[in-house]
Amino acid sequence: MKQLAMDISELAQRLSEILAEQLGHKSDLFKETCSPSSCYFRMNRYPICPIYPQVFGLMPHTDSDFLTILYQDQVGGLQLVKDGKWIAVKPKPEALIVNIGDLFQAWSNDVYKSVEHRVVTNKHVERFSIAYFFCPSYETMIQSCIQNSVYRRFSFGEFRQHVQDDVNMLGHKIGLPRYHLNHTFEPKIWPKKLEHLP
Ligand SMILES: O=C(O)CCC(=O)C(=O)O
Ligand SMILES: [Fe+2]
C-alpha cells in the first residue's frame, strides 16, 4: 500500500505539473504543499442495492482536492457530467481515471473544471473503487495563477471546514461558488438523461 501511495503520488505530481505548464506556469506549489500526510486514499464499497435506481451509491459531487486518481472495478456505475448530460464512465481494467478537483479549478481560474460525478447503484453485484485524493496541507493558500481571479484567496483548511459545515447544515456542499467574488450561489440542477461513452 505504501508503494502504491508513493507511485500514485508521483503520478499526481507529474500530472499537476503538466497541467500547470499548459497554463504557462512552472509551479512548485504541488511539490511543496501536497505531501504524504495531506493526501489520502479512500476505499469505496457499494453494496448490492435492491431498490436501484432510487438511491445513489454516491451523490453528485465534485472533489475538494487538486486531482483525484481513481481505479474502479469492472462493475461500472461511475457517471460524470459532460455537456450538461450524465455520461457513464465505462470501466477498463488497465485504466486509471483522473478527475480535476475544486482546487485546480480555483488555481486555474476556471480554465480547468472540477468534474461533477456520481455513482449509481447496482441490483445484482457489489462494486469497489479506490480513490487517491491529491490535497495540500490545510494552511496552503489557494490563489489563482492568473490575474483578475474570479475567486478570492482562501486556505485549504477554510475550504474543508466550509464543505463540512455546509454538508452538516444543508445536506450538500456549496464548494467554490462560496469563494466567487461576485457571490452568486447558483442552485445546482443535475441533468437527468444518461448517455454512454463509446
Ligand atoms: O467510486 C467511484 O467510482 C467514485 C468515487 C468518488 O467519486 C469519491 O470517492 O469521491
Ligand atoms: Fe468523487
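The model is predicted: local features need pLDDT of at least 70, side-chain atom pairs count only at pLDDT 80 or more, and totals for chains, interfaces and linings use all residues. Residues are numbered from 1 along each chain as its sequence is written, chains are lettered from A and ligands numbered from 1 in the order in which they are written, and side-chain values use heavy atoms, with hydrogens and water left out. The space taken by ligand 1 is the largest cavity.

**The largest cavity**

- Rolling a probe the size of a water molecule over the atoms shows where empty space is left.
- The structure holds one cavity of 30 Å³ or more; a cavity is a set of points, on a 1 Å grid over the protein atoms alone, where a 1.4 Å probe fits but cannot get out.
- The volume of the largest cavity is about 120 Å³, where a volume is the space filled by probe spheres set on grid points, joined across faces, edges and corners.
- Its lining has 16 residues, with Asn44, Leu58, His61, Leu70 and His117 nearest the centre; lining residues have an atom within 4 Å of a point.
- At least two lining residues come from each of strand 1 (40-46), strand 2 (56-61), strand 3 (67-72), strand 7 (117-120) and strand 8 (127-134).
- Strand 8 gives the largest share, four residues.
- Helices (H or I, at least four residues) and strands (E, at least two) are DSSP runs, numbered from the N terminus.
- Seven nonpolar, six polar and three charged residues make up this lining; Ala, Val, Leu, Ile, Met, Phe, Trp, Tyr, Cys and Pro count as nonpolar, Asp, Glu, Lys and Arg as charged, and the others, Gly among them, as polar.

**Ligand 1**

- A molecule sits in a cavity if more than half of its atoms lie within 2 Å of the grid points, and ligand 1 takes up the largest cavity.
- Strand 1, strand 2, strand 7 and strand 8 each give two or more residues to the shell around ligand 1.
- The ligand is surrounded by 13 residues, of which Arg42, Tyr46, His117, Arg127 and Ser129 are the closest; a residue counts as near if one of its heavy atoms lies within 4 Å.
- An oxygen atom of ligand 1 is 2.9 Å from an N or O atom in the side chain of Arg42.
- For a polar side-chain atom of His117, the distance to an oxygen atom of ligand 1 is 3.0 Å.

**The second largest pocket**

- About 190 Å³ of space lies in the second largest pocket; a pocket is an open set of grid points with protein on both sides within 12 Å along at least five of seven lines.
- Its lining has 14 residues, and Val75, Gly76, Gly77, Ala88 and Val120 are the closest to its centre.

**Backbone sites**

- Most residues other than glycine have a negative phi, and most peptide bonds are trans.
- Tyr52 and Pro53 are joined by a cis peptide bond, with omega about 0°.
- Pro53 is in the loop between strand 1 and strand 2.
- Asn109 is not a glycine, yet has a positive phi of about 55°.

Methods: Polar contact = N/O pair within 3.5 Å; in protein donor to acceptor, adjacent residues only side chain to side chain.
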